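Thanks for coming. Please have the sequence and the model open while I talk, and I will go from the whole chain down to single residues.

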Amino acid sequence: MTSAAVPRSPADGFRSVARASGIYYVSHALLVVAGVISMPITTRLLSREQYGLLSLAFATIAVLTLVAGLGLGSAAMRLYHDARRKGSQALRHACEGWITAALAGSGTAATMLVIVVTSTTDVAADPYAQCLVAGSGLMVVRAVTSVVAQIDRARERAGIHAATLVGVRYATLIAVILSLWFGPRLAVTVLAASIAVEAAALAVRLRSLQRAGLFTRPRLPRELDLALRYGLPLAAAGSARFLLAYGDRFVIERFHGLDAVARYTVPCDLLGKLGELVAVPMQLAAVPVLFRLWSESGADATSRAASQTLATTASLLVPVAVLYALFAEDLVVTVASAKYAGAGELTPYILPGIIFSCCNFVVVAGMTIRKRTVQVARNVAVAALINVLLNFLLVPSGGLAGAGLATSLAWLVLIVANARGALDTLQLAFPWRPIGRAFVAVLTPVAAAAALGALDPASPVALVATVGGLAGATLALLLLLDPSLRVILRSLWPGRLA
């Protein structure tokens, strides 16, 4: 993998997104494969109660990490080029300051968490408390890693960043499997293995920054207030976003217990990972390019690139949604075991929320470009509050379906609010034609398979073959119908498909 440089031409905006997204699509496909491998193993090695506990623990740690990191990762990517224009010394001091501040903030938060947990609960008898104590170390590692990773993204080192993500994911997978196989089959075991791998990866990345002359020693920058003004609202938004994404699980646990959390989590995680396969590479590639285009070429070029990004994302999400809806129950049972039979019935309730969440990054860019991070935080906080309130209303009577519906409605509220807030920055064209082409591309092979009676696979092997064949046929048709996807493909093999 190689890093893709961003061209200066305003007409080439989406091509620069395509070049980076090609790298990220390959890497994220490998990450999804790791997730597909991991889920059936961990769901079998852990009890449903421990798997539900693990889901809650990771959600809690994610929220606390966002708060503890002070939003400095987002600030590092947005402010990197401003610091570079001031000279190499100013850039080094800024990078050192962002990293040091993230370490200090997360270290303080982790210490406070351990003190609160150990002073208010019997850690030895409380599995959730054990997870929080162990997770305090993971908070620090991830907060600092976030800053280092965003600096790499700002440097347009797409290949290095993608390769690191893949390496850490597979190393963690191996460490978790070995730890659960030879050690106690508990949620806290997974956390301990994750800390070991991610801390080692962080040390390697810091050494890389040192060789590049961007990190020599810890220091607090003179202009830390600028980074905090930009980052802190995004940290609050990120925390609220996790409440938006995971608040339903805390409500489910309150009314129905950890067993119900696990049953709800499996289809949500499975569908979420499939959605991320489309959205995350586009987000990783597009956001730095949109920032660059705004500063160099203005609103028109940025809007064109953003509209093309939204269109491509939507056209790829359509077949994911259709194929998952057709085979949801079989996929859940095959991936997570028969313990989760019936969980596929939640698909109509959770699917809209996943789609909205995957498209939100394009819409919200209109406000982050203008540095309106307070407005971003307010929108997410309102949506998260709506999510929790709707869950408390719908979960007692509607069960897990009510939770899925509540979360999907909250995501709809958020994406509409963000779209309204971005109107004066990005003029986004709704992707009617790409969505129509995507439906044609996926429904054509589905109709052919239905005519042959091939939509009811009798075994896991037949399921994989059927879904894989339909996905391959759909992608081939999309490449014929959608020129934006051909741009991404040419970015991977520039000399073959020119």
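In the protein chain, 83% of the contacts with a separation of 6 or more are between residues 24 or more positions apart. Contact here means heavy atoms within 4.5 Å. This is a predicted model, in which local features need pLDDT of at least 70 and side-chain atom pairs count only at pLDDT 80 or more, while totals for chains, interfaces and linings use all residues. Residues are numbered from 1 along each chain as its sequence is written, and side-chain values use heavy atoms, with hydrogens and water left out.

On secondary structure, the protein chain has 15 helices and zero strands. Those are DSSP runs numbered from the N terminus, with helices being H or I of at least four residues and strands E of at least two.

Next, overall dimensions. The C-alpha trace spans about 65 × 65 × 40 Å along its principal axes. A compact globule of 498 residues would have a radius of gyration near 23 Å, and the 22 Å of the protein chain agrees with that. The radius is taken over C-alpha atoms, and the globule rule is 2.2 Å times the number of residues to the power 0.38.

Now the surface and the inside. The protein chain exposes about 20,900 Å², with carbon and sulfur atoms supplying 66% of it; the areas come from the Shrake-Rupley method with a 1.4 Å probe, and for residues only the protein chains shown count as cover. Buried residues are 53% of the 498. Buried means under 20% relative accessible area, exposed over 50%, and partly exposed in between (1.4 Å probe, protein chains only).

Which residues touch the most other members of the largest nonpolar core? Of its 142 residues, they are Tyr 80, Trp 98, Ile 99, Val 147, Ile 151, Ile 252 and Tyr 264. Helix α9, residues 258–297, gives this core its largest share, 19 residues. A nonpolar core is a set of buried Ala, Val, Leu, Ile, Met, Phe, Trp, Tyr and Cys residues joined through side-chain atoms within 4.5 Å. Take Ile 99: beyond four places in sequence, its contacts include Val 144, Val 147, Val 148 and Ile 151, and also Leu 206, Leu 209 and Phe 215.

Ala 187 is in helix α7, residues 187–211, and counts as buried because its relative accessibility is 0%. Cys 131 is 56 residues from Ala 187 in sequence, but the C-alpha atoms are 7.1 Å apart. Ala 187 is in contact with Cys 131, and also with Leu 46, Gln 50, Leu 53 and Leu 54.

Ala 306 is in helix α10, residues 299–336, and is buried at 0% relative accessible area. Between Ala 306 and Phe 361 there are 10.0 Å, C-alpha to C-alpha, at a sequence distance of 55 residues. Outside its four-place neighbourhood, Ala 306 touches Leu 290, Val 362, Leu 426 and Leu 428.

Thr 474, in helix α14 (residues 460–481), is buried at 1% relative accessibility. Apart from neighbours within four places, Thr 474 contacts Pro 319, Ala 441, Val 442 and Pro 445.

Last, a backbone angle. Most residues other than glycine have a negative phi. Leu 70 is not a glycine, yet its phi is positive, about 60 degrees. Leu 70 is in the loop between α2 (48–68) and α3 (72–84), and is partly exposed, with a relative accessible area of 24%.
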